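Let's take a walk through this one, starting with a helix and ending up among the aromatic rings. Have the model open as you read.

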Amino acid sequence: MIAEQRGSFVGPQLHRRAAGLVRRAALVAAVGALLFLTGCSAEQQHEWHNFAMPDPATTEADHIFSLWHWAWVAALITGAIVWGLIFWSVWRYHRRDDDEVPIQTRYNLPLEIFYTIAPIVMVVVFFYWTVNVQNVVLEDTEQDHTVNVVGQQWSWTFNYTDEEATGGEGTNVYTSGTGSQIPTLVLPVDETVQFNLYSPDVIHSFGIPGFLMKMDVVPGRFNHYQVTPDTIGEYRGKCYELCGVYHSRMLFNVRVVSAEDYDAYLQDLQEQGFESETPVLGNGQAYTQAGLDEEGSAE
């Protein structure tokens, strides 16, 4: 009798104490989250707002950014519903008495049908919008400029082909990096540029985080995509494919400038002698490009 009375007395005390601990933990978590968010810098708050995605710097990137943003919104809503149902079930159906046995439900056919169909509908919707954005981003339009991009171990070469500023059709000026010199890709603002991607050695991947786009550079295969930069500024590019021991050196800078500055840059390359009859497509080393002599100028 004493043990039974003591057990019936201790049981409710433990339940109340556990409930108090849960409430305190929830309060601490809420206060901690509030302090964390208010203590973030402007840059960190911007990252939270963009879901860790850079600001889109091209018209094509706007579509990719929207897909990323709304996919996160959908995921957060789904997560909130799932976690809400979990916590509601924990609260609603928790054992209120040591002698109570909760109702045992073996199956619920309508609920199981819903749990099966709802994820399928979500996957179909995500697939539709992903394909839609992919088609928009990869659609070939009439480009204003063509840049033949070569990814080679361990740097990049950028060929500016058929530019009016350097003589029109049949001309090519270029800039090439080395393992110790990071090249710069210069692009005009509000004009469509097509990147033609080549590799003389292994698979690379050409990408600019600010453009929210990358594509593999595969030996023997012609890949290409177009961008229309809409924001003047400086960006960073890199190889996204592990291409060998010095993969980390495959960096390049990007400058989006006005049309006048773009023409002036190409003319400066031409005056320095970085000109060839055809695009320089490279080989194993950036400083021994096919079409270059030992001094690094065009043959």
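Start with helix H3, where Glu 60, Ala 61, Ile 64, Phe 65 and His 69 are buried. Buried here means under 20% relative accessible area, with exposed being over 50% and partly exposed in between (1.4 Å probe, protein chains only). An α-helix has 3.6 residues a turn, so residues three or four places apart point the same way. H3 covers residues 59-92, 34 residues in total, and spans 50 Å from its first C-alpha to its last, close to the 50 Å expected at 1.5 Å a residue. That expected span is 1.5 Å times one less than the number of residues.

A word on what you're looking at: this is a predicted model, where local features need pLDDT of at least 70 and side-chain atom pairs count only at pLDDT 80 or more, while totals for chains, interfaces and linings use all residues. Residues are numbered from 1 along each chain as its sequence is written, and side-chain values use heavy atoms, leaving out hydrogens and water.

The protein has 5 helices and 11 strands; these are DSSP runs numbered from the N terminus (helices H or I, at least four residues; strands E, at least two). Of its 299 residues, 33% count as buried. Among contacts (heavy atoms within 4.5 Å) with a separation of 6 or more, 67% come from residues 24 or more positions apart.

How confident is the predictor? On pLDDT, its confidence in each residue from 0 to 100, the protein has a mean of 79, and 77% of residues reach 70 or more.

Now the rings. Phe, Tyr and Trp rings (the six-membered one for Trp) pair if their centres lie within 6.5 Å; planes under 30 degrees apart are stacked, over 60 edge-to-face, and the rest tilted. By this rule there are 18 aromatic pairs. Here are two of them:

| Pair | Centre to centre | Plane angle | Type |
|---|---|---|---|
| Phe 158 and Phe 206 | 6.5 Å | 65° | edge-to-face |
| Phe 206 and Tyr 225 | 6.4 Å | 45° | tilted |

Phe 158 sits in strand E2 (residues 155-161) and Phe 206 in strand E6 (residues 204-208), so their pair ties together parts 48 residues apart in sequence. Phe 158 is buried at 0% relative accessible area, and Phe 206 is also at 0%. The other pair reaches from Phe 206 to Tyr 225 in strand E8 (residues 223-227), 19 residues along, and Tyr 225 is buried too.

A charge sits over a ring if NZ of Lys or CZ of Arg is within 6 Å of the ring centre and within 35 degrees of the ring normal. Arg 249 has its charged end over Tyr 246, 4.3 Å from the ring centre, and Arg 255 lies over the face of Tyr 265 at 5.9 Å.

Lastly, the cysteines: how many disulfides does the structure hold? It holds 0, a disulfide being a pair of cysteine sulfur atoms within 2.5 Å. For Cys 239, the nearest cysteine sulfur is that of Cys 243, 4.0 Å away. Cys 239 is buried, with 6% relative accessible area, and Cys 243 counts as buried at 6% as well.

Definitions and conventions. pLDDT = per-residue confidence, 0-100.
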